[in-house]
Amino acid sequence: MPLQIIRNDITKMKVDAIVNAAKNSLLGGGGVDGAIHDAAGAGLLEECKTLGGCETGKAKITGAYNLPCRHVIHTVGPIYRDGCHGEPKLLSSCYRESLKLAKEAGCETVAFPLISSGVYGYPKAEALRIAVDTISEFLSDNDMTVYIVIFDRKAYQIGEKLFADIEAFIDDNYVDSHSDDRYERRRRMSLIRHDDDFDGNIPACPPPMLGSAPMEKPVMMQKAAVVSLDDAVKQIDESFSEMLLRKIDESGLTDAQVYKKANIDRKLFSKIRSDKNYKPSKPTVIAFSIALELSLEETKDMLMKAGFALSHSSKFDIIIEFFISRGNYNIFEINEALFAFDQSLLGV
Ligand code: AR6
């Protein structure tokens, strides 16, 4: 996926270039700047001294010394006053100029911190939105993988009300098939075997299933599977790829509009387009269904074409269901929520 938001320490990123949120002198400082200089070693400061500083909104590139990346791109974000002193434009320019340098240096992978959102005081949510918008715009014309590296949870916080609503929705729907304690598993086992047979060893958990998973279910499912196999084969009429292309046609959007909205890169989309039997990952299917604003039923249908389902034993799935059932197709907000609940993000 071209744009990924992850939580990490940027100095640990094994990418072609990491970006430093520096100050005009480029001579080091606190925050991410301090961390990068510490990890890179003295050679970085020596090279920075030769650069003659950097204007706000511009960027300069150096070697990476002891860091696991190849280059460091230093950019200087605006100091936030009230948002009415050209800050958004300057911040956006930091991302654009850094990406331009990365492209010129032949970088295929670049990691950004949330520029200006620390010492320089830019409100984190706004800083993140500008980062995502500017990087997405660049990626619409360039093939590159770009990471936004979030260091602290506060940088990616959703509103309290939304958090509480999702939490309640999860509570109502979540079947935690992994949380059984030893006692509970033993109790369940005793329901299906004579106590005399029970040797005290607890077998591996059965695979997670929908609902509260009574133990008889596998047998019934096997029978059903045998009976319906013929029918099921007959029902394989339209593949995932065919359904996707049909839905795109019906939506009136262009291919490019859809794959960009889904945060899917062009190459992957071409593969899907040209291969009727392409087998996508589950997040890819969901990203397309969000981009196409499909209903919950249609989303389930599209997932089924690719061999997946929405399950109530997965918090990820429940959060997706929460948003789709409310008609909220904003990938950005969905990702904020997924992040807040420690789930992997869409388009990742
Ligand atoms: N990895 C990723 N992100 C980090 C890391 C890290 N290791 N450390 C901090 N952050 P800041 P600014 C996040 O203050 O606001 C320096 O002194 C941090 O949580 O580093 O652009 C320079 O010399 C925050 O979200 O940069 C300048 O004087 C983000 O990085 C001034 O600070 C940016 O915070 C620049 O201020």
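Reply: Happy to; we can begin with the ligand and then visit some individual residues. Keep in mind that this is a predicted model.

Me: Great. How many residues surround the ligand, and which are the closest?

Reply: There are 20 residues around the ligand. Gly30, Val32, Asp33, Ser117 and Val119 are the closest.

Me: What does that shell look like by class?

Reply: The shell has nine nonpolar residues, six polar ones and five charged ones.

Me: And which element gives the largest share of the shell?

Reply: That is helix H1, which spans residues 31-40 and contributes four residues.

Me: You listed Asp33 among the closest. How far is an N or O atom of its side chain from an oxygen atom of the ligand?

Reply: That distance is 2.7 Å. Backbone atoms take part as well: a polar backbone atom of Ile10 is 2.9 Å from a nitrogen atom of the ligand. For Tyr120, a polar backbone atom lies 3.0 Å from an oxygen atom of the ligand.

Me: How much of the ligand does the protein bury?

Reply: The protein buries 92% of the 700 Å² that the ligand exposes when taken alone.

Me: OK, new topic. Where is Lys12, and is it buried or exposed?

Reply: Lys12 lies in the loop between strand S1 (3-7) and S2. Lys12 counts as exposed because its relative accessible area is 52%, and the cut-off for exposed is over 50%.

Me: How far apart are Lys12 and Ala39?

Reply: In sequence they are 27 residues apart, and in space their C-alpha atoms are 9.0 Å apart.

Me: Moving along, what about Leu26?

Reply: Leu26 sits in the loop between strand S2 (17-22) and H1. With a relative accessible area of 2%, Leu26 is buried. Leu26 also has a positive phi of about 60°, although it is not a glycine.

Me: Now another asparagine, Asn142. Where is its place?

Reply: Asn142 is in the loop between H4 and strand S6 (145-150). Its relative accessibility is 14%, so Asn142 counts as buried.

Me: Which residue has its backbone oxygen 2.9 Å from a polar atom of the Asn142 side chain?

Reply: The backbone oxygen at that distance belongs to Phe138.

Me: You mentioned H4 there. Could you pick a residue in that helix?

Reply: Val132 is one of them; helix H4 covers residues 124-139. Val132 is buried, with 11% relative accessible area. Between Val132 and Tyr95 the C-alpha to C-alpha distance is 9.5 Å, while in sequence they are 37 residues apart.

Me: Last stop: Asp317. Is it buried or exposed?

Reply: Asp317 is buried, with a relative accessible area of 1%. You'll find Asp317 in helix H13, residues 315-325.

Me: Which side chain does the side chain of Asp317 make a polar contact with?

Reply: The partner is the side chain of Lys282, at 2.7 Å.

Key: Residues numbered from 1 in each chain as written. Predicted model: local features only at pLDDT ≥ 70, side-chain atom pairs only at ≥ 80, totals over all residues. Heavy atoms only, no water. Near = heavy atom within 4 Å. Polar contact = N/O pair within 3.5 Å; in protein donor to acceptor, adjacent residues only side chain to side chain. Areas by Shrake-Rupley, 256 points an atom, 1.4 Å probe, with all protein chains shown as cover. Helix = DSSP H or I, 4+ residues; strand = E, 2+ residues; numbered from the N terminus. Nonpolar A, V, L, I, M, F, W, Y, C, P; charged D, E, K, R; others polar. Buried < 20%, exposed > 50% of the residue type's maximum accessible area, 1.4 Å probe, protein only.
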